[in-house]
Amino acid sequence: MLAHGFGCDQTLWRSVTELLAPEFRVVLFDHVGAGASDPAAWDAEKYASLDAYADDIIAIADELDLREVTFVGHSVASMMGVLAVPKASERFSKLVLLTPSPRYIDDGDYRGGFSAEDIDELLESLDSNYLGWSASMAPIVVNAPDRPELENMWTASFCRTDPACARVFARATFLSDHRADLASVALPTLIIDSARDSLAPPQVGRYVRDQIAGSVLTTLDTSGHCPHVTEPEQTAEAIAAFVRSS
């Protein structure tokens, strides 16, 4: 099961899906409020926290009667997985956290990569100029200046999200703190991070590894926050090797 992060939809998994599908059953979906999800399902109060998204993940697994699932969450969806799997251990067998961050704001010795002022400015910019924000963030998120088509892909995905939903989702993402939830993960867990990622710098990946007992950290030699977009072969192989392992 592949879950997309903030500002994305399931289409950004396209290249990874093509590589995984010959060997594995792949389940894709759009979070409520993103992509081609049902607009009638959106409730701003309900989706103001990541718990509702985690409940949706469990509901999908229940509806499809999925078993032995490896949940792969990108960015904020990794924390949705952290919240979901302890509630439905009969459905999930492994967890892959792709460029995760349990908290984006620095806090004492914890370095999330942003100050509180940085996040306030980010959210204010999103509120005031939604489309402009996506265009300005694409080079930071994707970080593939020699491949502008990938930045365009991310921007197009972002623009398919309703601005009102994106504003709520942004706050649920960038103001959340799920550090305390990491210790509840008891499944085999792979953390995949990017060597050069401004949104989830390497110290965050190491922190997540240290908080989840028995977890493994793999750092890809790539730039940006979306290695499944910029380096799908490396990303798919890391996921596949982990799924195959006993």
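This is a predicted model: local features need pLDDT of at least 70, side-chain atom pairs count only at pLDDT 80 or more; totals for chains, interfaces and linings use all residues.
Cys165 has a relative accessibility of 8%, so it counts as buried (buried means under 20% relative accessible area, exposed over 50% and partly exposed in between, with a 1.4 Å probe and protein chains only). Cys226 is buried too, with a relative accessible area of 0%. Residues are numbered from 1 along each chain as its sequence is written, and side-chain values use heavy atoms, with hydrogens and water left out.

Next comes the sheet. Five strands make an open sheet in the order S1-S2-S3-S4-S5, with parallel pairing. Strands here are DSSP runs of E with at least two residues, helices are runs of H or I with at least four, and both are numbered from the N terminus. Two strands pair if DSSP finds at least two bridges between them. S1 (2-3) and S5 are the edge strands, each pairing on one side only.

Starting from the S1 side, S1 and S2 run parallel and are joined by two bridges; Leu2 has Val72 in S2 as its bridge partner. S2 then runs parallel to S3, with six bridges between them, and Thr70 stands opposite Lys94 in S3. To get from S2 to S3, the chain passes through helix H3 (residues 76-84) in a right-handed β-α-β crossover. Right-handed means that, with the strands pointing away from the viewer, the path from the first strand over the helix to the second runs clockwise.

How many of the six residues of S2 are buried? Six of the six are, so S2 is largely enclosed by the rest of the structure. In a regular strand, side chains alternate between the two faces of the sheet. Both faces of S2 are covered: Val69, Phe71 and Gly73 are buried on one side, and Thr70, Val72 and His74 are buried on the other.

Leu97 stands opposite Ile191 in S4. Strand S4 (residues 189-196) is mostly covered, with six of its eight residues buried. S4 also pairs with S5 (residues 216-223), again in the parallel sense, over six bridges. Two of the partners in S5 are Thr218, which goes with Ile192, and Ser223, which goes with Arg196. From S4 to S5 the chain goes by way of helix H8 (residues 202-211), and this β-α-β crossover is right-handed.

Then there is the empty space. Rolling a probe the size of a water molecule over the atoms shows where such space is left. The search uses a 1 Å grid over the protein atoms alone: a cavity is a set of points where a 1.4 Å probe fits but cannot get out, a pocket is an open set with protein on both sides within 12 Å along at least five of seven lines, and lining residues have an atom within 4 Å of a point. Grid points are joined across faces, edges and corners, and a volume is the space filled by probe spheres set on the points.

The structure holds one cavity of 30 Å³ or more, and about 120 Å³ of space lies in the largest cavity. Its lining has 15 residues, with Phe6, Ser75, Val141, Leu199 and His225 nearest the centre. Helix H5 (130-142) and helix H7 (163-174) are the elements that give two or more residues to this lining, and H5 gives the most, with three. Sorted by class, the cavity lining has ten nonpolar, five polar and no charged residues. In this sorting, Ala, Val, Leu, Ile, Met, Phe, Trp, Tyr, Cys and Pro count as nonpolar, Asp, Glu, Lys and Arg as charged, and the others, Gly among them, as polar.

His225 sits in the loop between S5 and helix H9 (227-230). Its relative accessibility is 3%, so His225 counts as buried. His225 and Val141 are 84 residues apart in sequence, yet 5.2 Å apart in space, C-alpha to C-alpha.

The largest pocket has a volume of about 290 Å³. It is lined by 15 residues, and those nearest its centre are Met1, Phe24, Arg25, Val69 and Thr70. S2 (69-74) and helix H10 (232-244) are the elements that give two or more residues to the pocket lining, with S2 giving the most, three. By class, the pocket lining has eleven nonpolar, one polar and three charged residues.
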